[in-house]
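I opened the model to look up a few helices, a pocket and a loop residue, and I kept these notes as I went.

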Amino acid sequence: MLENPTIDPMQSFDVIVAGAGHAGCEAAALAARLGRRVLLVTLRADAIARLSCNPAIGGLGKGHLVREVDALGGLMARVADRCTLQFRVLNTRKGLAVRSSRAQVDIHRYPREMAAALASQPGLVLVQGEVTGLDLVGGRVAGVTLACGTRVAAPVVILTTGTFLEAVMHCGDARTRGGRIGDPPSHGLSASLSALGLRLGRLKTGTTPRLDGRTVDWSRLVRQTDVEENGRFSFTPSDVHLPRRDCYLAATNERVHGIIRAALPRAPLFTGAIAGRGPRYCPSIEDKVVRFPERTSHHLFLEPESIEDDRIYVNGLSTSLPPDVQDAMVAAVPGLEHARIVQYGYAVEYDFTDPRDLGPGLEHRAVPGLFFAGQVNGTSGYEEAAAQGLVAGVSAALGEPLVLARHEAYIGVLVDDLIHRGVGGEPYRMFTSRAEFRLTLREDNADLRLTPRGRALGLVDDAAWARFEARRDAIERTRERVAAVRIDPGTLSTLGFSPGPGTTLEALLRRPGTPWAIAARAAPDLSDVPLDVAEQVLTALRYAGYIARDARRAEEATRLARTRLPADLLDADVPGLSTEVRERLRAIRPATLGEAANLPGITPAAVHLLAVHLSRRDGRPVACR
C-alpha cells in the first residue's frame, strides 16, 4: 500500500474508493480481498478510520452490526478489540434479542490499527488526495478526477465521503469550512453529483466538548461498574489487550439548563444558521433542554479517549453553543467545576445523497458503476458506515449486489430501510426496534447466521472458518447430548426439583430460571462445555417456539421477495388499490412483492390485492402476508 499525494494516471484499477473512513476502509479491504485492484483516496493518510465523534464502537443495535461485519469477514470488530479500554453489554435486564455490546476504544490507536490492517491487504493502494469529480463514458462510471488534475480510470467508484461534502462547522457565531476539526471539506464533488442529476440534501451532526481529565473531580462522579473484563466483539480472539480505563457518570441540573436557555439566541441550531436536521435520538444538549422542558437533569457519561493522554469525551453534551457558554455550563456540572475544556463542541452541516436512489448493493440506479456508502447516505455512526462499506465493496467487486434479507441480518434491515424508506429528513440510526426478526438476529449468533455466507463469498479465511466449524459442531453435539439425557425421579429430587416421574434434561433446561449448572450435575460430561456454547443451547431450547414462528415468517418474506412484479402490473389500475398506493408503486417501481411490502405507505392489504391480482392473471397461487 502506498501513501503518496500523486499517482500515475497510467495505473489501472478495478475499484476506486473515495474516503477512508469506516465505510471506505471496509469497502476497499473487502474488494481487494476478492481479488480486485483497489485505489483508496483519502484527504489525509494519517487520519484513516478516525473516530471523529465519540471514542466508542457499538451500542444499542449498533453492536449487532459490528458482530455481523465480523462474521462476514470485515475489519471493524477485530480492530476495535485491539484498542478496547472498556467493554460493556447494554440492556442486560432485558431479553437476549435487545442486548448490545459497546466498547470504549483508544481514539489514537484505532486509526493506526486500521491502517496496519489495510497495509497488509494485497491489491490495495492508498493515495492522499481529493476526488473532485466523476468521469463518465456513455452514462457509466469510467473513473475520477482528483483535485491535482489527475484522472484515474476505473469501471467502479465507491463514494464514502462521510460528513465532508461541502461541510461547514458551527461553534456559536463562528463558521468554518470543514468536515471535522482540523480537516478541510470536500469541494466540487457535490456540484459534480448535482450536475449528474443526483438528489442531494443537507444534514447536521455534532460532537461534544473534550475535557482535561486532570482537572475533573472524579470523587464526585459515579464510576461505571457493569463492565466485562474479557468482553470482545470479534469471533476471533485478539492477541492485544490494553489496560482498562473507567468511565464515569455525571448529570446536568437546572443551573446548567438555565445557562443554556439564556444562550439560545446565540445557538446556531435556533438562529437559523444551521439548516440541516440532526439525529433525533442523539440530540444536542440545547435541543434536549428545549424539547424536554419538564426534565430537570440529563445523564452525562465521561469517557476516556486514550491511554496516551488525559482527554475526556463528555457523552450527552453534544453542542454548538459559543465557547464561553460551553465553559459556563460545564463548570455548573457537579464534579466539573474546575474542568478545563481542551476542545469545544461543534456541529457539522454537510451534503448527503438520497439513498432511495440506490439499489440493494448500494449502486446508484441512474449511474451504473457508482456506489455510495456511509454517512453520505444520510446515516449516523461508525457501525452503520462499516456495514454499508461491506455491502458496497463486496457488491462492487462481485459485479452483482450482495443482498442480505431483513430476516438474515441487521445489515439487511439497514440497507432495506435506506433504499426503500430513505432517512426521513434526519440521520438514520440503527436500533433493535427496527428489526422485526430481532429474536433470531441476536449478537451472539451472528457467526452462525452469516459466516457460511462470508466463506462462500471468499471473505472468511481458513483459520476463521476452522474456529467457526469447531464452535458450530460443539453447539450441535451439546444439543444432542442434552436431548439424550434422561433423569430418574431420585436424581430429579437431588437436583432440587419436585419428585415425580422421570424427565429429560432438555425439558428441565426449558424451564425459566434453570441454570446450566443443572446440566453439569445431571451429566458430568457436560461440565466442560464453554459458556458461549451453553448459552446457544439454552437459548435454542427456551425460545424454540418463537424462533420457529420467526422462521415461518422469514419463509413467507422470502416467497414475497421472489415474486416478481411485472412492469405492466405497476402501470395497471389494479382494482381496490388507492390512488396513493398506485402513485407510490409507479414512482418507486419495486421489482418484487417483498420490496413493495417494505415501502412506506404500502399496507398489507395492498400487498394482498397485488398478490391476488397476480394469482388470477398468471393462474398460480402467490403467498402473501
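Which residues are buried in helix 18? I began by noting that this is a predicted model, in which local features need pLDDT of at least 70 and side-chain atom pairs count only at pLDDT 80 or more, while totals for chains, interfaces and linings use all residues. Residues are numbered from 1 along each chain as its sequence is written, and side-chain values use heavy atoms, with hydrogens and water left out.

**Helix 18.** I take helices (H or I, at least four residues) and strands (E, at least two) as DSSP runs numbered from the N terminus, and buried as under 20% relative accessible area, exposed as over 50% and partly exposed as in between, with a 1.4 Å probe and protein chains only. In helix 18, I found Asp550, Ala554, Ala557, Thr558 and Leu560 buried. Seen down the axis of helix 18, the buried residues fall within an arc of 155°, so they line one face of the helix; the arc is that of the directions from the helix axis to the C-beta atoms. On the other side of helix 18, I noted Gly545, Arg552 and Arg562 as exposed. I then checked the length: at 1.5 Å a residue, the 19 residues (544-562) should span 27 Å, and the end C-alpha atoms of helix 18 are 27 Å apart, which agrees; the expected span is 1.5 Å times one less than the number of residues.

**Helix 1.** Helix 1 is mostly covered, with 11 of its 12 residues buried, among them His22, Cys25, Glu26 and Leu30.

**Histidine 298.** I located histidine 298 in the loop between helix 8 (285-291) and strand 18 (299-304), where histidine 298 is buried, with a relative accessible area of 4%. Leaving out residues up to four places away in sequence, I found that histidine 298 touches Ala250, Ala251, Thr252, His257, Ile285, Lys288, Val289 and Phe292, contact meaning heavy atoms within 4.5 Å.

**Helix 17 and the pocket lining.** Helix 17 gives the largest share of the lining of the second largest pocket, 6 residues. Helix 2 (62-71), strand 5 (84-90), helix 12 (446-457), helix 13 (462-484) and helix 17 (531-542) each supply at least two residues of that lining.
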